[in-house]
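Okay, thanks for making time, everyone.

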Amino acid sequence: MEPYWELTFDADADGDVDTEQRAQLLSGTERERVTDLLVFAHGWNNEKKDARKLYGRFFGPCQDLAGTDVRLGYVGVLWPAIRFPDEPIPDFDPSAAPVAATPPGEPVLDATTREALDRAFPDHATTLDRIAELLAERSEVPTRVYEFGRHVRELVSLRETHPARHFGQDTGAGEPAMLTDDAVKVCEVFAAARADTGRPLLLSDLRNRLWDGAYELLRQGTYYAMKRRAGAVGQLGLGPAIGLLAADVPRVRVHLIGHSFGGRLVSYALRGMPADVRAVKSVTLLQGAFSHYTFAERLPHDKSRGGALHGMQKRIDGPLVSCYSHHDDALGRMYPLASKLAGDSSSFLNLWERWGAIGYNGVRSVAGTKRIKLGEKVPAKGCVSIDAASVVRRGGPPSGAHSDVCHEELARVVFAAGRIARS
């Protein structure tokens, strides 16, 4: 996996990149005579070491897949995300270490989760202290649940002038209903969804079921903040960096890869590039955690609007590929519940159709999109949805197969999309 560079973005999510690393990438790409640069953005990984393991394993077979005239370079994007400790890690066999439910009576917000939240949300110690107290208390009093919901909203809120404030939605403006609706009802819905995934409830009584849902509200609230942050880092940070690279090393071909929220990050980078840059030759999304309508010119439920990135796929001098799997419970169950906007009138019966994820069923409502199976020939242009369920299938609750992306078959998709595979 050489030559390898990293691009690190700070916790403020305003697009600030480590300028020394960026300079090393620009000079190194020229010095090493790289023809094709593979740029990978992780999803919910709170630890840099976990992201590096993901990159190492995914990039492992790449040199053997490359054509004879291809000189590969590798970039790992490191951005401030969070992974709850009970979520599986990419590059890790989830069957090797099953996660046990939190024993009744013990604080739900354990030390490891608290540490991860502290890193992801610096300067929010007081809010997190109270969240931890409420989860440990598990009170039967409804006002405690309402207070909990208020603190979750405080945790993920941004000031009006923050650069990332308006990067949270892919199909419309506004806040998710989970942060604005009746907190008790929201927690009840999340508790039911958790139960459907096979995760055992902590106790059978109503009180613990409600607080089990409250824990899920905290998880989904923080993931919404990461989703918003991914868009900001992509558009304000990675996109401009690609523009600088294209100007300094005009012959290099860039291939963007993103897992989960990292798929959203590399997609928003397209909007952040200078409009005339054509350095990106392919984009491959692995279980993308953003709306399947993001690239739509017109939304099926509102013909007056399009997706946030409609038309941005045309900035790719090659295909935009979404690898998806119906085994992904995180995207198939929780994502639509967490994505529904406040004031939306859609019922739970059609919740998936309106608020579904691109990593669960591919690209939707983009004219000319091709749908193929893994291993079939990848079209040279346009949007492509690839059913990867034959390999993306391992995992248990709460994520299902969401992190099961380290497969040579998926690396081959990147090379086929970029037209750089060995003949």
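**Cavities and a helix pair**

So, α8 (206-248) and α10 (329-339) each give at least two residues to the lining of the largest cavity. Helices here are DSSP runs of H or I, at least four residues, numbered from the N terminus. A cavity is a set of points on a 1 Å grid over the protein atoms alone where a 1.4 Å probe fits but cannot get out, and lining residues have an atom within 4 Å of a point.

Quick caveats: this is a predicted model, with local features needing pLDDT of at least 70 and side-chain atom pairs pLDDT 80 or more, while totals for chains, interfaces and linings use all residues. Numbering runs from 1 along each chain as its sequence is written, and side-chain values use heavy atoms, without hydrogens and water.

How many cavities of 30 Å³ or more does the structure hold? Four. The largest has a volume of about 190 Å³, volume being the space filled by probe spheres set on the points, which are joined across faces, edges and corners. Of its 20 lining residues, Q220, Y223, F261, Y335 and A338 are the closest to the centre.

Now the helix pair. The axes of α4 (residues 111-120) and α5 (residues 125-137) come within 10 Å and cross at roughly 155°; axes are lines fitted to C-alpha atoms over the stretch in contact, with angles from 0 to 180 degrees between N-to-C directions. So α4 and α5 are roughly antiparallel, a label for angles over 145 degrees. On contacts (heavy atoms within 4.5 Å), R114, L117 and D118 in α4 meet A125, L128 and D129 in α5.

How values were computed. On a 1 Å grid over the protein atoms alone, a cavity is a set of points where a 1.4 Å probe fits but cannot get out, and a pocket is an open set with protein on both sides within 12 Å along at least five of seven lines; lining residues have an atom within 4 Å of a point. Angles under 35 degrees count as roughly parallel, over 145 as roughly antiparallel, 65 to 115 as roughly perpendicular and the rest as oblique.
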